[in-house]
Amino acid sequence: MADTLLVRDVPKDIYSWIQDERERSLLTQNEFVLHILREAFDSSNQLPLFAPSRRVEVVPGALPFTFIDLFAGIGGMRLGLERVGGKCLYSCEWDRYAQKTYKSWFDEMPHGDIRKIDLATIPDHDVLAAGFPCQPFSIAGVSKKKSLGREHGFKDLTQGTLFFHLATIIELKRPPILLLENVKNLKAHDGGKTWQVIKSTLQDLHYEIFDRVLDAAGWVPQHRERVFIVGFDKHVFGDNVGFEFPVVPSASAPKLKAILEDKPDPKYTLTSHLWGYLQQYAQRHREKGNGFGFGFGDPEGITRTLSARYFKDGSEILIRQPRKNPRRLTPRECARLMGFPDSLEIVVSDTQAYRQFGNAVVPAVAEAVGGEIVRVLARHLVRDGSLLSRSNGNHYEAAAE
Ligand SMILES: C[S@@+](CC[C@H](N)C(=O)[O-])C[C@H]1O[C@@H](n2cnc3c(N)ncnc32)[C@H](O)[C@@H]1O
């Protein structure tokens, strides 16, 4: 027998809203109030998608799912995935300054070095998100065929690298979905061998792999190309997932001028010494035919890519100032250039902040890719209103109602 709950002193406006709504939906007052309580309870307890018998209404772009955030940085990927219904269960980042920002923004201290974490402590999750660093693998003389004959296939080749640790987590936890991010150069790195090993390793682990270079310029006023890799476990989704990358919006992104501060602190203006040096350096390189060393941001356009080395001299994105030396972007402007909202306080030094924003994933791009993942989830996991459940180990079946 369920417990009874009486509610007194209901404010008038809420009371009449309940009466109107319950009449409209042809429910009794009790049924209607219970329904509201159930909704509130469910949304504060977003369970993993694969929890048994969970009933959900599929709201496009907001299907509840769980994820883990590896190589989390300051959580660009996390912000994006949270916007499409994701609930983060675990994070890992070893840089103590990035950890400080992450703790301040998400009230969660990420676990440290991925090579040292106890894998058994990683909770089950629906999406494994990771912006892992790119390292070369030695694959001289190894063909795909040969590799497949080995016990673990391509994964053997990645021994000792960060990708090896990622692949080990994937093998152990078997997340239904992978969302990986890397620099555009990943695919050309080491003559294409690095990408070949990564893709083959994920395929050997029975994931269908999709990859696309996306330019964040569709969302923020910055040219920033990154490769996004999305994988779907074939045991769960079959061989024909039908995932599509988001279409990059063409006209909606703001211009640089929209993110500039009105009164930037004068400390961001280049000293005459540094400005003289940058000009001389550029001159020497122009003479050798190497192009410019520094670059001005066009307020009516977009900037070059913000890199993690921006803190050194800011030379890749300078802002012209009337009757003054140019200035670099302020840390807040860098946050905006990446699409991080002003409500997130910068809690580290300027140097660390420049580094962190230069390393981050643009949340809006993660959100757009996450939205497409949710579409696939909705198509594949919801049958007659109920989700598939994890029945045992790595197998999934329709939840018994
Ligand atoms: C490209 S950044 C990730 C950006 C981030 N995913 C985001 O959404 O904004 C890569 C991160 O991996 C972290 N990292 C590198 N080696 C690591 C390790 N062994 N353990 C944990 N984190 C590591 C770096 O400190 C860096 O912050």
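**View 1. Buried residues of helix 6 in the predicted model.** Phe163, His165, Leu166, Ala167, Ile169 and Ile170 are buried in helix 6, where buried means that 20 or more other C-beta atoms, placed from the backbone, lie within 10 Å of a residue's own. This is a predicted model, in which local features need pLDDT of at least 70 and side-chain atom pairs count only at pLDDT 80 or more, while totals for chains, interfaces and linings use all residues. Residues are numbered from 1 along each chain as its sequence is written. The buried residues of helix 6 pack against strand 1, strand 3, strand 4 and helix 7, contact being defined as C-beta atoms, placed from the backbone, within 7 Å. Helices (H or I, at least four residues) and strands (E, at least two) are DSSP runs, numbered from the N terminus.

View 2. Six strands with mixed pairing form an open sheet in the order 2-1-3-4-6-5, two strands being paired if DSSP finds at least two bridges between them. Strand 2 (86–92) and strand 5 (207–215) stand at the edges with a single partner strand each, so one side of each is left without a neighbour in the sheet.

**View 3. Strands 1 and 2.** Strand 1 (residues 65–70) and strand 2 run parallel and are joined by six bridges; within this pairing, phenylalanine 67 has cysteine 88 of strand 2 as its bridge partner.

Key:
A residue is buried if 20 or more other C-beta atoms lie within 10 Å of its own, exposed if 12 or fewer, and partly exposed in between; C-beta atoms are placed from the backbone. Two residues are in contact if their C-beta atoms, placed from the backbone, lie within 7 Å.
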